[in-house]
Amino acid sequence: MEELADVRAKLEARLLTLGARVDDIEAEQRAPLGDDFSDQAVAREDDEALDGIERAALEDIAQTRNAIARIDAGTYGQCVSCGGDIAPARLAALPTATLCIGCAHAAED
């Protein structure tokens, strides 16, 4: 498995990227609307799409912060359900994973 310091650095970089994305979305949504009603309707539809993207980014931020907290607590890489180890390949693919693959599959059922 990657060194925890490297994992933490990547997670912190991800937080910065996600934070910038949320800031950009919020700035775009604060922009004044034009006078044309059809343009306003399109802008409102765009806002709905941006809201979804923002919600996903905020969820990703929460998961990333949680992963950093698990590193700090010494529990990173341990399944929160069964307490077993999460496979290094799973953590490499999904660094915010909280479940081993067995528990993740069980949770889907």
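Tutor: The largest share of a patch of negative charge, four residues, comes from helix α1 (residues 4-30). The structure is a predicted model, in which local features need pLDDT of at least 70, side-chain atom pairs count only at pLDDT 80 or more, and totals for chains, interfaces and linings use all residues. Residues are numbered from 1 along each chain as its sequence is written, and side-chain values use heavy atoms, with hydrogens and water left out.

The members of the patch on the surface are D23, D24, E26, E28 and D46. Such a patch is made of residues with over 30% relative accessible area and no salt bridge, like charges being joined within 9 Å. D46 is found in helix α2 (residues 37-73). D46 counts as partly exposed, at 43% relative accessibility; buried means under 20% relative accessible area, exposed over 50%, and partly exposed in between, with a 1.4 Å probe and protein chains only. Helices are DSSP runs of H or I with at least four residues, strands are runs of E with at least two, and both are numbered from the N terminus. The chain has four helices and zero strands.

We now turn to the paired charges. A salt bridge is a side-chain nitrogen of Lys or Arg within 4 Å of a carboxyl oxygen of Asp or Glu, and by this rule there are three salt bridges. In one of them, R8 pairs with E12, and the closest N and O atoms are 2.9 Å apart. E12 and R8 are four residues apart in helix α1, so about one helical turn separates them. Both are partly exposed: E12 has a relative accessible area of 35%, and R8 has 24%.

R8 also forms a salt bridge with D72, where the closest N and O atoms are 2.3 Å apart. Because D72 lies in helix α2 and R8 in helix α1, this pair ties together parts that are 64 residues apart in sequence. D72 counts as exposed, at 54% relative accessibility.

R14 lies in helix α1 and D60 in helix α2, so the pair ties together parts that are 46 residues apart in sequence. Here R14 is partly exposed at 35% relative accessibility, whereas D60 is buried, with a relative accessible area of 17%.

Definitions and conventions
Patches are made of residues with over 30% relative accessible area and no salt bridge: like charges are joined within 9 Å, nonpolar side chains (Val, Leu, Ile, Met, Phe, Trp, Tyr) within 5 Å. Accessible areas come from the Shrake-Rupley method with a 1.4 Å probe; for residues, only the protein chains shown count as cover. Lys and Arg count as positive and Asp and Glu as negative; His and the chain ends are not counted. The place of a charge is taken as NZ of Lys, CZ of Arg, CG of Asp or CD of Glu.
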